[in-house]
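Me: I have a model open here and want to go through it with you. Can we start with how far to trust it?

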Amino acid sequence: MIGALIAGIIALLIGLGIGFVFRNVQLKSAQADSQSLIEQAERKANELTKQAKVEAEILKKESENLEKEKILALKEEGQKRRESIENEFIETRTELKASEKRLKQREEILDRKDDTLTRKEQSLDSKEENLSNKTNTLSKREEALSQIESEKAAELARIASLSHDEAKEIILTQTKGSLSKEMAQLIRASEEKATAEADKKAKNIITLAMQRVSGDFVSEQTVSVVTLPDDGMKGRIIGREGRNIRTFEALTGIDVIIDDTPEAVILSGFDPIRREIARLTLEQLVQDGRIHPARIEELVEKNRKDLERKIREYGEQAAFEVGAHTLHPDLMKIMGRLHFRTSYGQNVLNHSIEVANLAGNLAGEMGENVSLAKRAGFLHDIGKALDHEIEGSHVEIGTELAKKYKESPVVINAIASHHGDTEPTNNISILVAAADALSAARPGARRESIDNYIKRLQNLEEISNGFEGVETSFALQAGREIRVMVNPAKLSDNKMTVLAHDIKEKIENDMDYPGNIKVTVIRETRVIDYAK
C-alpha cells in the first residue's frame, strides 16, 4: 500500500513536471502572456511540490504508524500464545506430578503388600517350625509316657509284694505330694476371695465404729493400799492382842496385811465390793482416830449401805449413758456392782459401756437395731457381777438373769453366745461378740500376768515346731505373730502355704487368745562360698 502511495505521488510529480514543461512551452509559445502568469504558475508548482512532500511525509508517517500497530498486534498475539502455551505447560506439569504421586502411592502399597507377604511367609515358616517342634515334643512325650508306664508297671510289681498298710502309706504320701500344689492354689484362691469380699468392708465398718468410741481405763488390782499418817497407827489398827484387826477382817471378809511398808496398810481380797467397804472403813477409822470393835462394826455397816446406794447410782448412770432407760432396776443395781469388778485389770462396767457403744455403732453401719444392740452389749457380762456368789460361768449366770427379767430373745442369745458357748441366732449377737473382742483386745485395755504371757508364747512356738520340715519358730509382737523358719530342702514353696494353713488351724483349735495371731512361714535358700 505504501508503494502504491509513493507511486501515486511520483506520478503526480511527473504529471506536475509535465504540466510545468507544457506550461513552459505554452509560455514560450505564448510569451505574450504576462510574466505574472508564469510566476503564478511557478508559485503554484512550488506550493504543489511542498504540499506533495508534506502529503508524502504524512503518508510515510501513517504507513509507519500502521506498521507499528501491526507489530503491536503481532506482539499481543504472540504474548497471548505464549501465555496459552505456558498455561498448557503448567497444566501438563500438574498432571505429571499427580501421575507421579499416584505412582508413588501404588509403589508404597506394593511395598506394604510385599512386607505383608514376607511376614506371612515368615509366620508360615515359624508355624511350620513349631509344628515340627510339637511333633518332636509329642514323640518325646510318647517316649516319656511309655517310660512312665514301664516305671508304673515296675512299681505295681513292687507294690504287689507290700502289705496293705505299707501300700496305703505309699499311696497317701504320693497323693499328698501331688496335691500339695493344688491345695496351695485352692487355699490362696479362697483366702484372696474371702479377703477381697469381706476384709475391706469389715475393716471399714469396724474402723468407723472404733473411731466413734473413746474410753479411759485404769488398770486395777486385787489389793487396795490405805495410806497412814504415821507408822504408830499400825499398832492401833492391830489393837490389844489383835482384837481390832480380827474384828475388822471378820466383818469385812478382807485380809489386812501390815508389813514393813512405811505409812501404808494393804487390804487384800478377791471380792471387790468387800474390799471397797474395807478401804472406806479403814480410811474413816484412821481419820477419826477411834479404833475399837464397836466403832469398826458401826462404820462397816454404814459404808455397806452407802456403797449399795453408790452401786445403784453407778448402774443407773451407766444405763443412762448407753440409752438403756427401760432396764429393770434390779438389773441396773447388778450392773453397778461391775464398777468394782475387773477382768485382767480392765474395769468390767467400763468395758460393758464400751462394748455397748461399739455394738451400737456397728449395728448402725449395718442397718440393724441400734438400741437393741446397745442393750445386748451392755448386759453381755452381767453374770460377772454374781459369779463369785452363784455357781456357773458368767455366761450361764448372765443368760439366766436375762431370762428371769424377761429380756428379749436377741439379748439373751447375745449374752449366751458372746464367748462361742452357743451359736448366734441373729446379727446383733455376732456384733456383740465382735465388739467384746475389740474392747478386750485393744492394746492397754487388759493386763495379763507374766506367767500367762510366757506360757502363751511357749505354746505358740511348740505348736509351730511340731510340724515336719520346721527348723525353728519365734513368737513376736507379744504373741500376736509367729514366724516359722523351714528347711528349704524338705518343703517347697507350694507346701509352705499348706504349712501356714495347718499351723493356723492348730492354733485356733488348741489355744485361747484375744484378737488375731499372724502366721508367717519363711523359706530361704542361702549359698555361701569363700574366696581364698
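Reply: Start with the confidence by element. pLDDT is the predictor's confidence in each residue, from 0 to 100. Helices here are DSSP runs of H or I with at least four residues, strands are runs of E with at least two, and both are numbered from the N terminus.

Me: So what kind of model is this, and what cut-offs apply?
Reply: This is a predicted model: local features need pLDDT of at least 70, side-chain atom pairs count only at pLDDT 80 or more, and totals for chains, interfaces and linings use all residues. Residues are numbered from 1 along each chain as its sequence is written, and side-chain values use heavy atoms, with hydrogens and water left out.

Me: What does the protein chain average in pLDDT?
Reply: The average is 77. 76% of the residues score at least 70.

Me: Where does pLDDT stay under 50?
Reply: Over residues 208-220. The model has 27 contacts for that stretch beyond four places in sequence. Contact means heavy atoms within 4.5 Å.

Me: OK, the overall build. How many helices and strands?
Reply: The protein chain comes to 15 helices and eight strands. Of its 532 residues, 29% are buried. Buried means under 20% relative accessible area, exposed means over 50%, and partly exposed is in between (1.4 Å probe, protein chains only). Take the contacts between residues at least 6 apart in sequence: 61% of them join residues at least 24 apart.

Me: Back to H12. Is it mostly covered or mostly open?
Reply: Mostly covered. Seven of the nine residues in H12 are buried. They are Val 411, Ile 412, Asn 413, Ala 414, Ile 415, Ala 416 and Ser 417.

Me: Which residues of H10 meet H12?
Reply: Leu 372, Arg 375, Ala 376 and Leu 379 in H10. Their partners in H12 are Val 410, Val 411, Ala 414 and Ile 415. By class, that contact has seven nonpolar residues, no polar and one charged. Ala, Val, Leu, Ile, Met, Phe, Trp, Tyr, Cys and Pro count as nonpolar, Asp, Glu, Lys and Arg as charged, and the others, Gly among them, as polar.

Me: And at what angle do H10 and H12 pack?
Reply: Helix H10 (residues 370-379) packs on H12 at about 40°, with the axes 9 Å apart. That makes H10 oblique to H12. Axes are lines fitted to C-alpha atoms, for helices over the stretch in contact, and angles run from 0 to 180 degrees between N-to-C directions. Under 35 degrees counts as roughly parallel, over 145 as roughly antiparallel, 65 to 115 as roughly perpendicular, and the rest as oblique.

Me: What about H7 and H9, how do they cross?
Reply: The axes of helix H7 (residues 293-322) and helix H9 (residues 348-366) come within 10 Å and cross at roughly 15°. H7 and H9 are therefore roughly parallel to each other. Tyr 314, Ala 318, Glu 321 and Val 322 in H7 meet Leu 349, Ile 353, Ala 356 and Asn 357 in H9. That contact has six nonpolar residues, one polar and one charged.

Me: Next, H11. What do its buried residues pack against?
Reply: Helix H8 (329-337) and helix H12 (409-417). The buried residues in H11 (residues 394-404) are His 394, Val 395, Ile 397, Gly 398, Thr 399, Leu 401 and Ala 402.

Me: Which residue just after H11 takes a positive phi?
Reply: Lys 406, at about 55°. Lys 406 sits in the loop between H11 and H12. At 73% relative accessibility, Lys 406 counts as exposed. Most residues other than glycine have a negative phi.

Me: What is the phi of Glu 241?
Reply: Near 55°, also a positive value in a residue other than glycine. Glu 241 lies in the loop between helix H4 (232-238) and helix H5 (243-252). Glu 241 is exposed, with a relative accessible area of 72%.

Me: Last one. Where is Asn 487?
Reply: In the loop between strand E7 (481-486) and helix H15 (493-510). At 19% relative accessibility, Asn 487 counts as buried. Leaving out residues up to four places away in sequence, Asn 487 touches Gly 469 and Glu 471.
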